[in-house]
Amino acid sequence: MADDYPKVDRVMGGAAGWISIAFPSILFLYFLGLLPQIALGPQVHGIDWVPSLGINLSVLLDGLSMTFVLLITGIGAAVTLYSARYLGQHPDYPRFVSYLLMFMVGMLGLVLADNLIMLFVFWEITTIASYLLIGFNADSAKSRRSALQALLVTGTGGLILLGGMIVLGNVAGTFQLSEILTQGDMLRAHPWYLAILLLFLAGTFTKSAQVPFHFWLPNAMAAPTPVSAYLHSATMVKAGIFLMARMNPALGGTDAWFWILTLFGGVTAVFASVMAMRQTDIKQVLAYTTLMALGTLTMFLGAGTHYAIMAAMLFLVVHSLYKAALFLMIGIVDHATGTREAGVLGGLSKAMPLTGLAAALAAISMAGIPPMVGFIGKEFMYKAGLGLEGFGAFWVTIMAFAASVMMFAVGGIVALKPFRGDLRPTPTEPHEGPWPMLAGPLVLGALSLIFGLVPGVLGYYLVGPATHAVFGEVREVHLYLWGGVNMALILSLLTFLAGWLVYRRHEAIRTRLAAFEARNPVDFDAGWDRLLEGFKAFAAWQTRLIQNGSLQRYMAVTFGTFVVLVGGTYLIKGAFRSGLSLTTEGIHPVQWAVLGLIAAGAMLTVWTHSRMTAVAAMGVTGIGVALIFIMFSAPDVAITQLLVEVLVVVLVSVVMLRLPYLPRRSKATFRAGHAMIAGGMGLVTTFLMISVLATDFDRRLTTFFEAASYPEAYGRNIVNVILVDFRALDTFGEVTVVAIAAIAAFALLRGMSTRRKPEEES
Amino acid sequence: MELLLAITIGVLVSTSVYLMLDRNVLRFLFGLVLLSNAVNLLIFTGGRLTAGAPPLIDAGEYAPTGVVANALPQALVLTAIVIGFGLLAFTLALVYRTYMTLGTVNSDEMRVAEPADESKLDTGRLGMGKANPAKPATGQEAGI
């Protein structure tokens, strides 16, 4: 797997490796130092970024963001250390590291943001980094497809989320999270509450891979193992969980919140645990158990009681610790044996004792066996579930129970089975992993044990402050390993029993599930492909329809749209106004004659099918327009018009000597549809003109030019002064346009004589 | 008079649009000429009509005495006439060149760049050289 590339000689990844390890390590230590302060209360720091839009670069550091920051930097340090050995000799390792650091910055920004827009920007940075990392093995079509799928699913969700943020920001009057979170009562009663909630959940459910948007996450396992451990288990996929937790004081606590989150979360958890049993590749098993954890977290955030949120925050930490360790462990096994198939691996404990120890620590925590912290997590989940009311209590407890049973069984599959029994033959000779790869899983596994033995520390510094931040009010959080004999403990014992039975029979269950899957017509992954194919077919269809390459069609669409939009707006708004007198008195016969000339010339141009008649008729119209200019005091314009009109007639006539005749008129040449569009354009223009003439005229600019023309520019012809003085740059632009037109025309005509020859010869 | 001019402009626009919807590019060109006349008249009329008083300042005065015609639309129309002429001259050259190269003035037959059947795209004729005939890869093609 990791060995089939030309190796580059680097010690621990070279400079890139050291930087990548130092960055999260230093940040981890820095934030660890802030921990005692944050345990006492949240802090907000900020600077203005785009003040006119209410966007600030401000940081909200409370228990929730602190928990995430420590997970991101702490697991980040373990993962970068691991990667330096795992991929350090890969030719593209520096590229890999830069993506990883980009992700780290994005994720830290996401959890620290106190501004919704800033949060969104970092949210998208993590999406892009995830895309680049999943597609790191760009030679593989599978990697590329998985990367694109993850990008499109989470990116679409992100855009919907942005919509929700904008609505929320407008309703709350601010984009600052610390201010929004205090307006929960107003927001929950607002008529747009449901819209905001659904838009937000579209973003968080896609990011945190809830059913039915889950399918991208197992595919994302195409990424190198450290990436799976880091992004697609410990941190990025929890961004959705983070945002739901963050918004809980503002949006949580309603019936809609409760039922949507518990139902989707519960279904995701159980669906994923069944799917985990189906897999044979241990990395895929872990991917589905990650889905299960995300569903469980969503469910408990939805439940919303103090206990439920505490359980969620605790499980968040617990899961990140054991799941990152397990992913890193399977990477070592893969590296050492060349396979990740559950059915092939066995008896590795002698060859890889330290890997086996790390796997055991993590898996025992995952299975929820005391004295690991996983046991405490499970106990609190049961207590939280039992503490709910009505159907909610039943649903949450049953779903949590089912998920826990499966986690117990999966713990056995991934950590017990590969290491015990007789050594089985594997593609390469198994050997113990090097220390940089072992350090992470061992430390994480050890933490699972330490936090289980001294849960008070975890409760005081992380879970307590995080619960306060999410729940919105301060209540005491007390974590303990032994809570006496109670309902939760009985459920735990039942979990172990059921889990053991499932583990014993897991191969039979897998066979059954595989058989069921073969008959099951519902396939989300294939459905996604059909959706994309549908989009492409739709895009091709509408492109063929609108842009079919016919100039006639383009013109008809353009003019038709103008008629419908402008004319329609006119009708709907009743915008027509007329202050014009309808009498024709006082109009000089000459004026009648000129207007008649213009109209007649235009109509003759349409009617005639003789080229020369058309050119002459056009000329008549142009000269009619020049006469109008003369009548209404525009001598300069009239002169220009006359000159240009003569030039046009001459030019068109000359060119037409080389062009074919117009087609002869026949019945088929009248186009009724086009006549309607043309008539509509004329009508709309006429009504528009009448309405414009009926409004009061604003002469301010003209008055300025009249007053300033002589004193400032020393010219007595105001039109000339405007052209060469006040609007001289416009005139310069005009000259440039004409010059460019001339050059382009020259180029068109000149190249012709040389290009034409070879075709004539051939 | 304004009303009559508005109607005249409407007639000009109708005729020019009808001509521009023709598949014969020569008739399209006629439409273009008429349309620039229509638009110029529209701008001019929109600035209101004043008969017999050009926007000039008498000798010895610093500003026009009495009401004179609106100078601003006149300046705009002057610019527009010249630009319109530039556009026409270029279009004319284009039509001429197109006819010489393709042998048609029917816009429906000018389909070198966008053939009705896309598989017959002749890139050589567009001066693009021999393009890679392979279709762009899709996710579907990539397998899985």
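This briefing walks through a predicted model with a chain A and a chain B, topic by topic.

Because this is a predicted model, local features need pLDDT of at least 70 and side-chain atom pairs count only at pLDDT 80 or more, while totals for chains, interfaces and linings use all residues. Residues are numbered from 1 along each chain as its sequence is written, chains are lettered from A and ligands numbered from 1 in the order in which they are written, and side-chain values use heavy atoms, with hydrogens and water left out. The area buried between chain B and chain A is about 9,100 Å², and one salt bridge is counted between these two chains.

**Chain B by itself**

- Chain B has three helices and zero strands (helices are DSSP runs of H or I with at least four residues, strands are runs of E with at least two, and both are numbered from the N terminus).
- Of the 144 residues in chain B, 53% are buried (buried means under 20% relative accessible area, exposed over 50%, and partly exposed in between, with a 1.4 Å probe and protein chains only).
- Among the contacts in chain B with a separation of 6 or more, 45% are between residues 24 or more positions apart (a contact means heavy atoms within 4.5 Å).
- Chain B has an accessible surface of about 6,400 Å², and carbon and sulfur atoms hold 60% of it (accessible areas come from the Shrake-Rupley method with a 1.4 Å probe, and for residues only the protein chains shown count as cover).

**Where chain B meets chain A**

- How many residues does the contact take from each chain? There are 92 from chain B and 110 from chain A.
- Carbon and sulfur atoms give 74% of the area buried between the two chains (buried area is the accessible area, with a 1.4 Å probe, that two parts lose on being put together, summed over both).
- Across this interface, 22 residue pairs are in polar contact, both residues being at pLDDT 80 or more (a polar contact is a pair of N or O atoms within 3.5 Å; within protein, one must be able to donate a hydrogen and the other to accept it, and residues adjacent in sequence count only if both atoms are side-chain atoms).
- On the side of chain B that touches chain A, helix 1 (2-20), helix 2 (25-46) and helix 3 (71-102) of chain B each supply at least two residues.
- Helix 3 of chain B gives the largest share of that side, 25 residues.
- Sorted by class, the side of chain B that touches chain A holds 59 nonpolar, 22 polar and eleven charged residues (Ala, Val, Leu, Ile, Met, Phe, Trp, Tyr, Cys and Pro count as nonpolar, Asp, Glu, Lys and Arg as charged, and the others, Gly among them, as polar).

**The salt bridge between the chains**

- Asp22(B) and Arg671(A) form a salt bridge, with 3.3 Å from N to O (a salt bridge is a side-chain nitrogen of Lys or Arg within 4 Å of a carboxyl oxygen of Asp or Glu).
- Arg671(A) sits in the loop between helix 26 (635-656) and helix 27 (672-694) of chain A, and Asp22(B) in the loop between helix 1 and helix 2 of chain B, so the pair joins two chains.
- Buried or exposed? Arg671(A) is buried at 15% relative accessibility, and Asp22(B) is buried at 13%.

**Salt bridges inside chain A**

- Over all chains, the count comes to 17 salt bridges.
- In one of them, the closest N and O atoms of Asp62(A) and Arg246(A) are 2.8 Å apart.
- Asp62(A) lies in the loop between strand 2 (55-61) and helix 2 (63-86) of chain A, and Arg246(A) in helix 11 (residues 239-251) of chain A, so this pair ties together parts that are 184 residues apart in sequence.
- Asp62(A) is buried, with a relative accessible area of 7%, and Arg246(A) is buried at 1%.
- Arg145(A) and Asp525(A) also form a salt bridge, at 3.4 Å from N to O.
- This pair links distant parts of the chain, 380 residues apart: Arg145(A) is in helix 5 (residues 141-172) and Asp525(A) in helix 22 (residues 524-546) of chain A.

**Asn717(A) and the start of helix 29**

- Asn717(A) lies in the loop between helix 28 (700-713) and helix 29 of chain A, and is buried with a relative accessible area of 17%.
- At the start of helix 29, a side-chain oxygen of Asn717(A) comes within 3.2 Å of the backbone nitrogen of Val719(A).
- Leaving aside neighbours within four places in sequence, Asn717(A) is in contact with Asp636(A), Pro55(B) and Leu56(B).
- The buried residues of helix 29 (residues 718-726) of chain A are Ile718(A), Val719(A), Val721(A), Ile722(A) and Leu723(A).
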